[in-house]
Amino acid sequence: MKAIDPVCGMEIETLEAVAHSQYQGETYYFCAEACKERFDQNPEAFLKPQDREEEPSRKPKPETRGETRKLTLPISGMSCASCVAKIEKGLSSLEGVIDASVNLAVENATVEYDPSKVGPKDFKQTIESLGYSLRAERVELSISGMSCASCVEKIERALKRLSGVLSASVNLATERVTIEFTPGEVSPSDFKESIETVGYKVLEVAPEEDAVEVERRLREREYLKLKKRFIVAAVLATLVFIGSQHQILPLLDTIPQRTMFYFLLVLTMPVQFWAGWQFYRGFWLALKHKSADMNTLVAVGTSAAFLYSLVATLFPGVLTFAGHEAVVYYDTAAVIITLILLGRLLEARAKGRTSEAIKKLMGLQAKTARVIRDGEEIDIPIEDVRVGEVVLVRPGEKVPVDGTIIEGFSALDESMLTGESVPVDKTVGDEVIGATMNKTGSFRFEARKVGKDTVLSQIIRMVQVAQGSKAPIQRLADRIAGIFVPIVISIAVVTFVVWSLFGPYPALTFAMINFVAVLIIACPCALGLATPTAILVGTGIGAE
C-alpha cells in the first residue's frame with residue numbers, strides 16, 4: 001500500500017516507511033526521521049485542508065461558488081519541507097484559492113481556484129514574493145488582422161482564459177504577442193487556436209525559414225493589397241464627391257437628380273462592399289464573440305449613411321416631407337471608407353519598417369566561418385560553429401563568433417559595438433567579438449560563444465524584447481480601449497434618438513448625420529498605436 005509523505009510529498013510504500021505518526025485518528029508515513037520530526041512539531045502546517053478536522057471556530061466555506069479550475073505550477077528554489085509549508089500558506093491566503101498543494105519531490109504546486117477572483121498572475125507574484133520562482137517558458141507569435149487597441153484587448157483576454165497562461169502582452173505596432181506560460185499545462189498550438197477563434201491569424205514559420213524575413217514578405221503583400229484597394233476607393237470616392245455637388249457644378253447641373261442618384265449608387269457600391277470589405281469582416285467576427293472594435297464603428301457608421309441613401313434612391317417618397325425632397329449621402333460613406341483606408345495604409349507602411357533596425361543588426365553578422373577540422377581549413381555557415389573550435393580570420397573578413405585569440409595578431413574595427421572608429425590592436429589572449437571587422441593581420445581564435453550567446457545576438461534579442469514591451473501608459477490605453485467602443489456606440493445611439501426627437505426639421509436626416517459622425521470620429525486607432533510606435537522608433541534609433 002502506498003502513501004504520501006505529508007512533509008516532502010514523496011510517494012512511499014507504507015511497509016518501507018522509515019517512520020510514522022498518529023494524529024487525530026489518522027496514521028501518516030514518512031520517508032525520513034527529519035520529516036517525522038517536522039510533522040510532530042506542527043502537524044497542521046503540513047496537512048491539506050481536506051485532511052484536517054473541521055474546527056468549530058473555523059468559518060465554514062461558502063456552499064456555492066462559481067466554476068473552478070486546477071493549475072499545476074513548476075517551482076524552482078525549494079529545498080525542504082518548510083518551503084512547502086510557506087508556499088502553501090502563501091497561495092492559500094489568496095482570495096479565491098480553494099486548495100493549494102505543493103509537492104517537493106517533483107517541485108510543483110497544484111492550485112484549485114475560482115478564476116473570477118484570482119488567476120495565474122497572482123500565483124506568480126505570490127510565489128516570487130516568497131523568494132521562489134516559476135519555471136515558465138516564453139513564446140512570441142506574429143499576428144495579422146489587428147487594426148486597433150480593441151483588438152489588443154480581445155486577443156489578450158482570449159489567451160489569459162487558457163489554463164497555464166501566466167501573462168499575455170500584445171504589441172499593436174509590431175503585431176506580435178508575447179506569452180508566458182507553464183509547460184505541460186498549455187502549448188503554442190493552443191495559443192494559435194485561441195487567437196484564430198477570435199478572428200485573427202497567426203503567422204506560421206517553417207524551421208528553416210527566417211521569421212523576420214517571412215514577416216516582412218507577409219506585411220509587404222498586405223501593404224500592396226491595401227494600396228490597391230485604397231487607389232480604387234480614392235478614384236471612385238472622388239467621382240462620388242464631385243457627383244454629389246452636381247447641382248452647383250456646370251454641365252452636371254443638367255443631369256436629372258434621380259439619374260445622378262443611381263449613378264452615385266453604382267460608384268459607391270464597390271467602395272462600400274469591396275474596398276470596405278475588411279471592416280464588415282472584422283465587424284462580423286467581433287459580433288460573433290459579443291465584442292466590438294474599430295471595425296464595428298466604421299461598418300455601422302458607413303452602412304447607416306449608405307442604407308439611408310439607398311432608401312432615398314429607390315423609395316424617395318418614404319423620406320420626402322412637406323415638399324422637401326430626399327437627399328443622399330453616398331459621398332459620406334465613400335469618403336469615410338477611403339480616408340480610413342488611407343490611415344490603414346500609412347499604418348501598414350510604418351509597421352513594415354519596424355523590423356528595419358533588427359535587419360540592420362542581423363546584417364552585421366558574418367555569413368560563414370573558416371574553421372580548422374581534422375587539420376583542414378573549411379568554410380561553414382556560422383550556425384554550425386561549435387564552442388571550442390579553432391576559427392581562422394584573414395584581413396578584410398568579419399569575425400564570425402565571440403572568442404579568444406590563440407595565435408597571431410591584428411587590428412579590429414569594433415565601431416559596431418563601441419562606436420569608436422579607430423581600430424583596436426588584438427594579440428594572443430585578447431577577446432574578439434563577432435561581427436567586428438578584421439583590418440590588417442590574420443589570426444586564429446578559439447570560439448567561446450556561438451549562436452544566441454554572442455554579444456550581437458544578445459543585443460538583437462534585447463531590441464526585440466524592448467520593441468515587444470509595453471509601457472505603463474500603454475497598458476492603461478489598452479484597458480481604456482477595451483470599453484471605449486461599446487461606450488461610443490451607446491453615445492451614438494443616444495445622439496440619434498435625441499436628434500430624432502428634438503432636432504430641427506428634417507430631424508431624421510440630422511439624426512443620421514450626427515449618428516455617423518460620433519461613430520467615425522471616435523476611432524481609437526491613435527489610442528492604441530501612438531505609444532508602441534514611439535517605443536519602436538526609440539528602440540530602432542538605439543539599435544543603430
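Lys426 is buried, at a relative accessible area of 13% (buried is under 20% relative accessible area, exposed over 50%, partly exposed in between, with a 1.4 Å probe and protein chains only). The model is predicted: local features need pLDDT of at least 70, side-chain atom pairs count only at pLDDT 80 or more, and totals for chains, interfaces and linings use all residues. Residues are numbered from 1 along each chain as its sequence is written, and side-chain values use heavy atoms, with hydrogens and water left out.

**Lys426 and Glu414**

- The side chain of Lys426 forms a salt bridge with that of Glu414, at 3.2 Å from N to O (a salt bridge is a side-chain nitrogen of Lys or Arg within 4 Å of a carboxyl oxygen of Asp or Glu).
- This pair links distant parts of the chain, 12 residues apart: Lys426 is in strand β18 (residues 424-426), and Glu414 is in the loop between β17 (410-413) and α12 (415-418).
- Strands (E, at least two residues) and helices (H or I, at least four) are DSSP runs, numbered from the N terminus.
- Glu414 is buried too, with a relative accessible area of 10%.

- The structure holds 12 salt bridges.

**Glu397 and Arg394**

- A salt bridge of 2.9 Å, N to O, connects the side chains of Glu397 and Arg394.
- Glu397 is partly exposed at 24% relative accessibility.
- Arg394 is also partly exposed, with a relative accessible area of 33%.
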